[in-house]
Amino acid sequence: MKLARSVTFALAALALGITGLAQADNYPSRPLTLVVPFPPGGAADTIGRYYAEQLSTSLGQPVVVDNKPGAGTAIAAEAVAKAKPDGYTLSLATAGQLAILPNLQKDLRYDPVKDFVPVAVVASVPNVVAVQASSKIDSLPALIAEAKARPGALSYSSCGNGTLCHLSGELLKHLSGTDLLHVPYKGSAPAVTGLLGGEVDVAVDTLTVLAPQIQAGKLKGLVLTSAERSPLLPGVPSATEAGLPGFVASGWFGIVLPKGAAPELVEKLSGAIGVIARSPQTAERFAQNGISVEQGTPAGFAELIAEDGKRWGEVIEAGKITLE
Amino acid sequence: MELLDHLAIGLQAAFTLNNLLYCFVGVTLGTLVGVLPGLGPVATIAMLLPITYGLTPSAALIMLSGIYYGAQYGGSTTAILVNLPGESSSVVTCLDGHAMARKGRAGAALAIAAIGSFVAGSLAILLLAAAATPLAEAALKFGPAEYFSLMLLGLVAAIVLAQGDVLKAIAMTLLGLLLGLVGTDVNSGVERFTFGIPELSDGISFVVISMGIFGIAEIIANLERDHGGKAQVARVGSLMPSRDDYRRSWKPILRGTGLGSLLGILPGGGAMLGSFASYMIEKRLAREPERFGQGAIEGVAGPESANNAGAQTSFIPMLVLGLPSNAVMALMAGAMMIHGIVPGPQVIDERPELFWGLIVSMWLGNLLLLVLNLPLVGIWVRLLAVPYRLLYPSILLFCCIGVYSVNNSLFDVLLTVAFGLLGYLFIKLRCEPAPLLLGYLLGPLMEENLRRAMLLSRGDPTVFFTRPLSLTLLIVTALVVLLMCSPRLRATRQVAFSED
Amino acid sequence: MRTRLIPDARELLAGLLFLGFGLAGLLIGRDYASGTAMRMGAGYFPWLVSLALCVLGAVLLVRGLASSRERVALGELFQARPGLSIGGSVVAFALLLPSLGLALSTLLMTLLSGLARRRAHLGELTVLGCVLGLFSVAVFAWGLGLNLPAWPV
């Protein structure tokens with residue numbers, strides 16, 4: 001029995017190895033699928049579709065977007081982790097999926113490090129801390145001073161418990177030593193509605209969502225959670241300028257393959273993605289949504305995942321954040 | 001007259017050949033997916049979103065919104081003919097609409113639904129054109145305390161929906177509340193009642209419950225009674241409403257329009273309450289409330305008007321503030337992003353042709369739908385003559401495909417079977433399903449807002465009484481409860497109870 | 001036909017059903033945090049609803065026992081055939097769809113659901129199944145581009 005099984009395994013491994021080699025040469029020879037863990041219409045879908053379209057041209061095979069929303073990216077992650085690592089199933093992955101959720105959810109059904117092979121980071125979006133336009137708070141130091149004067153009296157809305165919006169808010173509390181009341185909402189639109197309606201005093205959400213409101217003069221941006229200002233909101237200071245240099249939080253998106261994908265495939269894909277990322281057309285396409293185009297090597301992406309995973313782990317521990 | 005200038009811009013934009021064509025395509029598709037049970041506008045728009053890449057932004061938005069309100073028209077057709085609500089808003093239409101169909105008055109019910117929807121749609125669009133911005137600003141004042149009180153009122157309405165036993169109706173509402181809690185809790189992120197099944201972590205979708213409890217359960221129960229193999233709901237009566245029908249319907253249509261328009265504006269999503277609220281009011285105001293549930297045309301006219309009015313005004317938060325209030329609107333905002341338009345407060349000023357073009361096209365679309373739907377009434381009614389033994393496998397197939405299309409999940413199809421068997425049990429035990437669905441829809445919103453209100457008030461429950469709007473809603477709720485216990489309604493309940 | 005004072009099985013069963021759901025809710029939800037008035041936990045609302053459901057179920061049960069009307073035996077109330085056939089046909093459809101494809105599984109579902117009626121006409125059902133199968137492939141797989149295999153894989 002045992003012998004038979006190990007022989008079968010060896011044969012299977014051999015077969016996989018051979019097909020793997022054969023594939024690298026003429027890869028891709030049939031249509032590819034890019035799994036997007038969100039429904040059509042959001043930032044992730046927009047990024048995924050753009051890259052799918054561009055990759056179709058550069059790889060010479062159609063890249064079909066497959067939206068698999070649900071369970072805060074877990075359904076897509078699980079499906080991709082179990083997919084054949086033949087390079088024909090790609091996935092868009094987010095910071096939340098690879099760096100935050102693993103720190104929060106004990107019984108996660110996938111391993112963010114072992115189950116995926118990072119290919120390249122493609123885009124990132126910083127967060128913004130905003131208040132109502134009529135608020136008397138008009139800078140980050142003023143917000144911190146107000147929060148210190150009345151501990152726990154100010155509240156902030158986030159796009160959900162355990163999301164990057166929430167963790168950015170907690171990072172702000174942690175770095176500035178203040179106490180703000182966290183009020184989670186079901187996504188960005190209700191969270192921003194909550195601030196516009198005056199239910200909460202502050203909102204922490206993505207540049208994509210808040211920029212139009214700030215441009216229209218409905219809200220005031222106090223700080224951008226990145227090292228540099230955004231051309232979209234030239235009047236909003238960066239974290240360093242606002243006096244809180246460590247307040248950097250970026251929601252990034254990257255392409256990953258299921259575990260076991262051959263290095264040649266990773267290299268080929270990462271090369272193709274790099275060419276797309278460097279084209280000025282790509283930057284232009286995303287600029288008005290506040291999405292920055294990123295590029296890098298597979299190793300660099302792996303490092304980013306590990307680094308952010310560790311950092312958010314610390315914030316989660318310091319803020320005693322749980323999904324309970 | 002600023003409004004006239006704006007409408008001129010809109011007319012210019014909407015009357016290009018291209019946009020007219022896509023408006024027509026949108027409403028036709030919408031009617032089609034509305035008629036097919038289970039296949040709703042959310043799934044359809046999500047599937048078609050990538051196709052709109054090649055269109056102009058105006059054409060894309062016009063077509064996608066056409067699918068949305070077109071489905072509101074189409075959804076009532078299935079509800080009336082085969083007692084199958086594909087949309088949360090058509091649950092109420094089933095009650096009296098299908099009862100009318102059973103009495104051979106399907107034609108009148110379908111026609112009144114289309115006419116009511118048209119009137120309501122036109123008036124709501126007028127409201128949208130005249131006062132979108134101030135309404136959007138005003139609606140922002142509706143905070144968590146107000147939402148909670150509104151949901152409480154909605155739950156009381158759920159009990160009024162039932163014709164039989166009040167206790168069973170309350171129990172069904174509570175069971176619905178419990179079913180609505182399945183999935184990830186918004187406030188804490190913890191999964192509840194999911195049994196570790198990933199497909200349940202976003203909750204049970206509405207289509208699964210309604211296709212199970214209404215669709216499959218109804219088929220099983222019908223087959224049990226089936227002896228001759230003839231159609232169960234046949235008997236084709238007159239196609240058009242009588243003079244008496246119009247006399248009874250015009251007031252409910254106007255009241256429904258008002259209610260639906262107001263609830264549709266709420267940024268937290270209140271459009272689905274419109275049809276329930278309208279039904280409750282019509283039943284209260286009617287001279288013979290015992291006719292409700294037995295095929296009262298007011299019970300079709302009011303709710304159908306309310307739901308189409310709400311469908312139009314639910315565009316307000318998205319168009320004016322850039323903040324989508326429901327899943328369809330989130331997809332519309334996504335469609336804007338695909339076309340390089342940032343959804344936000346500037347859209348009205350920066351792209352007036354887009355905003356006003358969409359509004360004019362919505363009115364055009366409603367007109368098209370009326371023209372499209374009235375002649376279709378004859379065809380739909382004839383569909384009832386199809387023998388049931390041929391009809392039910394088709395309904396079964398559409399239910400399955402519809403359920404599958406929501407999440408591309410076969411697990412959902414299996415779950416629908418479970419709800420079908422449960423629904424069959426409910427029919428046998430004389431438990432009406434409508435209150436369960438309303439409880440399911442309101443439960444999560446109610447809990448979310450209760451907890452948020454308590455969090456924001458730092459644990460002080462008086463917040464529900466000190467905010468004027470919330471207090472008003474609570475007083476109305478109390479009044480409805482009192483009236484429910486009043487002798488007149490109790491008497492009618494007893495009549496209904498002893499009849500069965 | 002009124003007989004002696006025997007409880008209506010429907011009333012009792014309804015009471016038991018709601019009581020059962022309520023108890024299940026309490027049991028499964030017992031570990032969810034209840035929290036404080038300000039920060040209500042995930043368990044507070046489910047606990048409240050489940051408890052109310054238990055109370056209502058119990059009331060229905062007692063009322064059913066007290067105010068008995070006509071006699072309805074459980075055996076006469078339910079028929080197994082339609083439920084088994086319809087439920088089974090949909091289960092088969094869902095389980096076999098990934099391998100059989102839309103066309104064949106639709107045909108299969110139609111045939112199985114036809115068994116719900118005692119005098120099923122096999123020929124007619126086959127024709128109907130083929131028509132529906134082709135229709136669903138044309139409309140759903142091709143027309144709407146639904147992510148489903150059309151033919152056996």
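Visitor: Into which domains is chain A divided, and over which residues do they run?
Guide: Bear in mind throughout that this is a predicted model. One part of chain A, domain 2, covers residues 126–224. The other part is written as two segments, so that the division of chain A reads domain 2 (126–224) and domain 1 (2–124 + 251–318).

Visitor: How far apart do the C-alpha centres of domain 1 and domain 2 of chain A lie, and how many residues does the contact take from each?
Guide: Between the C-alpha centres of domain 1 and domain 2 of chain A the distance is 31 Å. The contact between these domains draws on both of them, with 12 residues from domain 1 of chain A and 11 residues from domain 2 of chain A.

Visitor: Which helix supplies the largest share of the side of domain 1 of chain A that touches domain 2 of chain A?
Guide: Two helices of chain A, α4 (95–104) and α11 (298–318), each supply at least two residues of that side of domain 1. The residues of this side divide into 8 nonpolar, 4 polar and no charged. The largest share, 4 residues, comes from α4(A).

Visitor: Where in chain A does pLDDT stay under 50?
Guide: Chain A averages a pLDDT of 85, and 92% of its residues score at least 70. For the stretch in question the model has 1 contact beyond four places in sequence. Where pLDDT is low, the predicted coordinates should not be read in detail. The stretch of chain A concerned is residues 1–22.

Visitor: Does B:T477 count as buried, partly exposed or exposed, and why?
Guide: B:T477 belongs to helix α21 of chain B, which spans residues 468–484. A residue needs 20 or more other C-beta atoms within 10 Å to be buried, and 12 or fewer make it exposed. Because B:T477 has 19 C-beta neighbours inside 10 Å, it counts as partly exposed.

Visitor: Which residues is B:T477 in contact with, leaving aside its neighbours within four places in sequence?
Guide: B:V156 is 321 residues from B:T477 in sequence, yet their C-alpha atoms are 7.1 Å apart in space. With neighbours within four places left aside, the contacts of B:T477 are B:L152, B:L153 and B:V156.

Visitor: How many helices and strands does chain C have?
Guide: Of the 153 residues of chain C, 37% count as buried. Among its contacts with a separation of 6 or more, 65% are between residues 24 or more positions apart. From the N terminus on, the elements of chain C run α-α-α-α-α, and the count is 5 helices and 0 strands.

Terms used
Residues are numbered from 1 along each chain as its sequence is written. Chains are lettered from A and ligands numbered from 1 in the order in which they are written. This is a predicted model: local features need pLDDT of at least 70, side-chain atom pairs count only at pLDDT 80 or more; totals for chains, interfaces and linings use all residues. Two residues are in contact if their C-beta atoms, placed from the backbone, lie within 7 Å. pLDDT is the predictor's confidence in each residue, from 0 to 100. Ala, Val, Leu, Ile, Met, Phe, Trp, Tyr, Cys and Pro count as nonpolar, Asp, Glu, Lys and Arg as charged, and the others, Gly among them, as polar.
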